[in-house]
Amino acid sequence: MLDRRKRTVLICLVFALAIAVFTSGCQLLEKNSETESETESETESETETETETETEFETDVVYISEDVSIRIILPDSTWKVTQDIDEMRVFASGSDAMINIVHASDEDSMRNISVSESEEELEESLSNQYPEEDAFEILMFDERSSSTVITYEYVVQYKYSASMWSYSVTYALLSVEGDSAYVICGTVAEDDLSLLSEVQDAVESFTVLDRTSIFSVLPGVVENNDTSESESETEADDDGEEEEDDEAWSEELATLSAYSTNVTLYASANVNIRQYPSTEADRIGSLTSGSQVTVTGETSQWFRVSVSGSVGYINKAYLVSTAPETTADEDETESTESAVTSAELGSEITYGSSYTFYTTTAVNLRSQPSTSSSVTGTVAAGAAVTVTGETDNWYIVTVDGVSGYISKAYVSSTQTATTEAAESTESTSSSSTSTSTTGVVSGTITAVTSDTLLIAGDDGVTYSINYANASLNSSGLTEGLYITATIDYSQSTASGSLYATAVTGH
């Protein structure tokens, strides 16, 4: 009996100790949470300092057009803007992927876009272009509508060996009246589901910023009119608060005045770059004290700035016309960095010939052999670079005609498995086209050169067609003309233009 009592007492002590430890842990977590909450408060003059490594590059890059009409979130900083006008905006990540944004705002431009408004219509259009059996597969088709806007989204996989793309994602926004539209089309060259997912996320992130546009609020969940009185009041309060926030930055943006000539200003302190002229807007970047920035316009309280191709806003209180004087610590740091760079340049040698090496990961191309020097470009993992010399720790390279320096730690003389697989795929695709049959591509011409047509295909994909040796059944090939092209896929490659044997205008 005594032993049983002892065991009972012992068990009670153990439970009491466990409860005490658990309670202490919860209190500690609460204190840590409170401390973290206090330190997370943000001011316009304070930003976090990030340590840069050569393998890091910016992801989820927010792009806002120069006219501040649209926004899209690109997957990473390898994407470059190749065209930015209201009618056509083009983004590309090397030869791996592309996104086109076409805006139609009148009757003529509406005739130049092509959107499949049902899965059956899409399948019929694809079948006309790819007559081979199992040449494509529609992975998704979605339609939503409201009283003013209809949206269509579809994803297509191309299994035809001569197709320029492996996947396409089309996101179309059409006014119910049929007088305006946005069509966003993303394409992926290789059979890469991860890249496809990134492109689809980017396409779906498309946003119209003009609050007066019918496209600024897109169709979503159908409204439920059977909500209770209390729910309706709550929703009204929430909506009212959001409208007040939107109205505040919209009114500020309405005072925007664009400069005829860009101006260079300097940050007087560490400062955030905002998506809109409001402290409540998302932070899309930051400047350190003394950094220069290109200013393209101003509102009553904010400067509009251009940073790495993106548009943002900085409060006027934090930009000055002359560079702030550096402190002794900053001077010492700059002196040390300058000495390191000078030592690297002093060890520089130039080869008598050039060599082809390969990057082992995504890496920055720099203007000087130093991690503190400016970045002139980003090189993808597995990319071939031309090496013409070296310093102690850096290679002197040329990439797409641009010369610079890449750290030796991220360059190899042998190809990675990713690069070899890509070249093998291209070789296989090229050889398979020799036995391919002809097909038909239809769409509207968006650009014309002496031997090449760029068309917006009926399937939402942009095609480049070489018509140098094609027979023409048209009085003239001009932008806006709807055509049908007979394609000889035996002359086409997976990454090049399609070769036409005949082009007919309609």
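These are my notebook entries on a predicted model.

**Entry 1**

I read its order as 3-4-5-9-8-7-6. The sheet is open, and its pairing is antiparallel. Which strands stand at the edges? I found strand 3 (80–85) and strand 6 (136–145) there. Each has a single partner strand, so one side of each is left without a neighbour in the sheet. I also looked up the turn between neighbouring strands of this sheet. On average it is 10°, with direction ignored.

Next I picked one pair inside this order. Strand 5 (residues 97–104) pairs with strand 9 (residues 181–188) over eight bridges. The sense is antiparallel.

**Entry 2: helix 3**

Where does helix 3 lie? I see it across strand 6 and strand 7 (149–158). Its direction makes an angle of about 145° with strand 6.

Then I asked which residues of helix 3 (residues 119–129) are buried. I noted Leu122, Ser125, Leu126 and Gln129. Why do I put these on the same side of helix 3? They cover an arc of only 95° around the axis, and that places them together on one side. I turned to the other side of helix 3 and found Glu120 and Glu124 exposed.

**Entry 3: strands 11, 14 and 15**

I moved on to strand 14 (residues 292–298). Strand 11 (residues 257–267) pairs with strand 14 over six bridges, in the antiparallel sense. Strand 14 also pairs with strand 15 (residues 302–307), again antiparallel, over four bridges. How many residues are in the hairpin that joins strand 14 to strand 15? I noted three.

Glutamate 298 gave me a handy landmark. In strand 14, glutamate 298 stands opposite serine 257. Glutamate 298 also stands opposite phenylalanine 303 in strand 15.

**Entry 4: asparagine 315**

My last stop was asparagine 315, in strand 16 (residues 310–315). Is asparagine 315 buried or exposed? Its relative accessibility is 17%. Buried means under 20%, so asparagine 315 counts as buried.

I then looked up its surroundings. A polar atom of the asparagine 315 side chain lies 2.9 Å from the backbone nitrogen of alanine 317. I set aside the neighbours within four places in sequence. Beyond those, asparagine 315 is in contact with Gln301 and Trp302.

Definitions and conventions:
Residues are numbered from 1 along each chain as its sequence is written. This is a predicted model: local features need pLDDT of at least 70, side-chain atom pairs count only at pLDDT 80 or more; totals for chains, interfaces and linings use all residues. Side-chain values use heavy atoms; hydrogens and water are left out. Helices (H or I, at least four residues) and strands (E, at least two) are DSSP runs, numbered from the N terminus. Buried means under 20% relative accessible area, exposed over 50%, partly exposed in between (1.4 Å probe, protein chains only). A polar contact is a pair of N or O atoms within 3.5 Å; within protein, one must be able to donate a hydrogen and the other to accept it, and residues adjacent in sequence count only if both atoms are side-chain atoms. Contact means heavy atoms within 4.5 Å. Two strands pair if DSSP finds at least two bridges between them. The arc is that of the directions from the helix axis to the C-beta atoms. Axes are lines fitted to C-alpha atoms, for helices over the stretch in contact, and angles run from 0 to 180 degrees between N-to-C directions.
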